[in-house]
Amino acid sequence: MRFLDLAATSAAVGATSGRRAKVELLAAALRALGGEVRLVTDAPCAPVVAAALGAAAPDVPLDVAPVQGYDDWAGTVLPRYAALSHLIACERVGPCLDGCPRNMRGEDIGGHTAPLDRLYTAGSAYRIGIGDGGNELGMGRLPAELVGRVVDRGERIHCVVGCDALLVGGTSNWAAAALVGALALLRPEVSALRDLLRPDWSYGVLTEMVTRAGAVDGVRRRAEVSVDGLDWPAYAEPLTRIAELVAAAG
């Protein structure tokens, strides 16, 4: 099977949520299962994605879309993606009803965000969306009014692009880890999947992103080892629980 992960954040500077070890975790997991995997992000996000990928799955190729000149770039790479079986968008911001991609503060970030939603909606690959705020690709599967009831400015930032399967978590990273946990249960003979669920694995990748590429916490807007305003101990609790549940299942 051939997979493409869309890696992104909702700010001009790489954020640790949306780009922590999430897409890199999925890339490593899918590669462990024998899948052919590529990652794609845009130029503003590329340094952080590359740092995380180097720590987590250095053999996975990374494609970088420019913010300016996107159409020319897409024309050269789309044939490469023609045989994809799955597209996974990991907290990749997408267009709202007004056509603008917006961050959680409701700000239009189109000036430094490549329109990778066009790649996501092209072709016939099975599309998976992972998000936590309502502004990500795939969230179009949910009604805008539902997002508005649980997220500040939810109806304004709601992404209108849907997907075939949507995973929502308190942070997107937890949802991605839960997906890897499910894969580990389905394929217990692949021990590498359980290794990827260890919180220390995620901590190592997160530290690499912060120290090598200056990744910032998307809430605190500071380069530190935290995710969505959560210090590492609090953030790691659900990761630990997922790993424990998988281990308990045998």
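## The nonpolar cores

A nonpolar core is a set of buried Ala, Val, Leu, Ile, Met, Phe, Trp, Tyr and Cys residues joined through side-chain atoms within 4.5 Å. In this structure, which is a predicted model, the largest such core has 45 residues, and those with the most contacts inside it are Leu26, Leu39, Val60, Ile88, Ile130 and Trp201. Helix H7 supplies the largest share of this core, namely eight residues. Another core, of 21 residues, lies apart from it and includes Tyr81, Ala89, Leu116 and Val161.

Strand E4, which spans residues 86–90, has five of its five residues buried, so the strand is largely enclosed by the rest of the structure. In a regular strand the side chains alternate between the two faces of the sheet. Both faces of E4 are covered, with His86, Ile88 and Cys90 buried on one side, and Leu87 and Ala89 buried on the other.

Strand E5 (residues 126–131) runs parallel to E4, and five bridges join the two.

## Helices H7 and H10

Helix H7 (residues 172–186) packs with helix H10 (residues 232–248) at an angle of about 10°, and their axes are 9 Å apart. Angles under 35 degrees count as roughly parallel, and the two helices are therefore roughly parallel to each other.

On the H7 side, the residues in contact are Asn173, Trp174, Ala177, Ala178, Gly181, Ala184 and Leu185, which meet Ala234, Tyr235, Pro238, Leu239, Ile242 and Val246 in H10. By class, this contact has eleven nonpolar residues, two polar residues and no charged ones.

Definitions and conventions
Residues numbered from 1 in each chain as written. Predicted model: local features only at pLDDT ≥ 70, side-chain atom pairs only at ≥ 80, totals over all residues. Heavy atoms only, no water. Axes fitted to C-alpha atoms, helices over the stretch in contact; angles between N-to-C directions. Helix = DSSP H or I, 4+ residues; strand = E, 2+ residues; numbered from the N terminus. Parallel < 35°, antiparallel > 145°, perpendicular 65-115°, else oblique. Contact = heavy atoms within 4.5 Å. Nonpolar A, V, L, I, M, F, W, Y, C, P; charged D, E, K, R; others polar. Buried < 20%, exposed > 50% of the residue type's maximum accessible area, 1.4 Å probe, protein only. Pairing = 2+ DSSP bridges.
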